[in-house]
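Please read them with the coordinates open.

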Amino acid sequence: MKALIISILTLISSYSFGQTAYEKAMGKALGDWQAGKATEAIGQFERIAQAEKSNWIPKYYQGLVGVTESFKEQDADKKQKQIETSKALIPTDEKELNAEWLVLKALALTSELTIDPMATAMLLSPQIIELYEKALKMEPNNPRALSGLADFQIQSKKFMGGDTKQECKDLEKAVSLFSQEKHETKFYPTWGKERAEMLLKACK
């Protein structure tokens, strides 16, 4: 998942330090993450989330950093703890869930699956696919949901076998959607394009 982490981190360079306290704090947290200071970044995002209770973005990044860091953790117990901490940040109220939260939860479960694939794949795989599909029902043109589902299916088929032509078509669409993506909300998630492009290149 190294490529995924790199892909996520590239979004940081697109943000300039804003003039508001919120923008400065977010810029500092993203800068810490880019510099490899994940623990500091998580702490900063947590403090921002406490101050910005009606804003889902800081808490989302707090969870995103935790989930991406969990992919790098080799110790199973530490990895599971990181995953559970991040999952606890995801809203349980359906009204508060959006496509980005669902993608994050799918990533968290994917990291959890990697702890012991033989024991958990049958249980977690359907849940992961369902989360991506639910995200796509909410936002049919969400490139992270589309590429995330394709990515998961491709990785699964490496072990189980199966044709990946549809996944490659979905990746091609996702790359196009990434290029068109625009959001008015500052710091809205935009990561994933580099990972999708890498996977699409492997299709050809």
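1. A residue is called buried at under 20% relative accessible area, exposed at over 50%, and partly exposed in between (1.4 Å probe, protein chains only). Buried residues make up 48% of the 204 residues in the protein chain.

2. On provenance: this is a predicted model, in which local features need pLDDT of at least 70, side-chain atom pairs count only at pLDDT 80 or more, and totals for chains, interfaces and linings use all residues. Residues are numbered from 1 along each chain as its sequence is written, and side-chain values use heavy atoms, with hydrogens and water left out.

3. The protein chain has ten helices and zero strands, where helices (H or I, at least four residues) and strands (E, at least two) are DSSP runs numbered from the N terminus. Along the sequence the pattern is therefore α-α-α-α-α-α-α-α-α-α.

4. Along the principal axes, the C-alpha atoms fill a box of roughly 50 × 40 × 35 Å.

5. Contact means heavy atoms within 4.5 Å. Of the contacts in the protein chain with a separation of 6 or more, 61% are between residues 24 or more positions apart.

6. The protein chain exposes about 11,100 Å², and carbon and sulfur atoms supply 53% of that area. Accessible areas come from the Shrake-Rupley method with a 1.4 Å probe; for residues, only the protein chains shown count as cover.

7. How far apart are the mean positions of the positive and negative charges? For the 28 positive and 28 negative charges of the protein chain, the distance is 3 Å. Lys and Arg count as positive and Asp and Glu as negative, without His or the chain ends; each charge is placed at NZ of Lys, CZ of Arg, CG of Asp or CD of Glu.

8. The largest nonpolar core has 53 residues, and those with the most contacts inside it are M26, F45, Y61, I128 and Y132. Two or more residues each come from α2 (21-34), α3 (38-51), α4 (56-72), α6 (99-113), α7 (117-138), α8 (143-160), α9 and α10. The largest share, ten residues, comes from α6. A nonpolar core here is a set of buried Ala, Val, Leu, Ile, Met, Phe, Trp, Tyr and Cys residues joined through side-chain atoms within 4.5 Å.

9. A145 lies in helix α8 and counts as buried because its relative accessibility is 0%. Leaving out residues up to four places away in sequence, A145 touches V103, Y132, A135 and L136. A145 and K134 are eleven residues apart in sequence and 9.0 Å apart in space, C-alpha to C-alpha.

10. The loop between α9 (165-180) and α10 (193-203) holds K186, which is partly exposed because its relative accessible area is 38%. K186 and I57 are 129 residues apart in sequence, with their C-alpha atoms 8.9 Å apart.

11. F187 is also in the loop between α9 and α10, and at 1% relative accessibility F187 counts as buried. Phi of F187 is near 70°, a positive value in a residue other than glycine. Most residues other than glycine have a negative phi.
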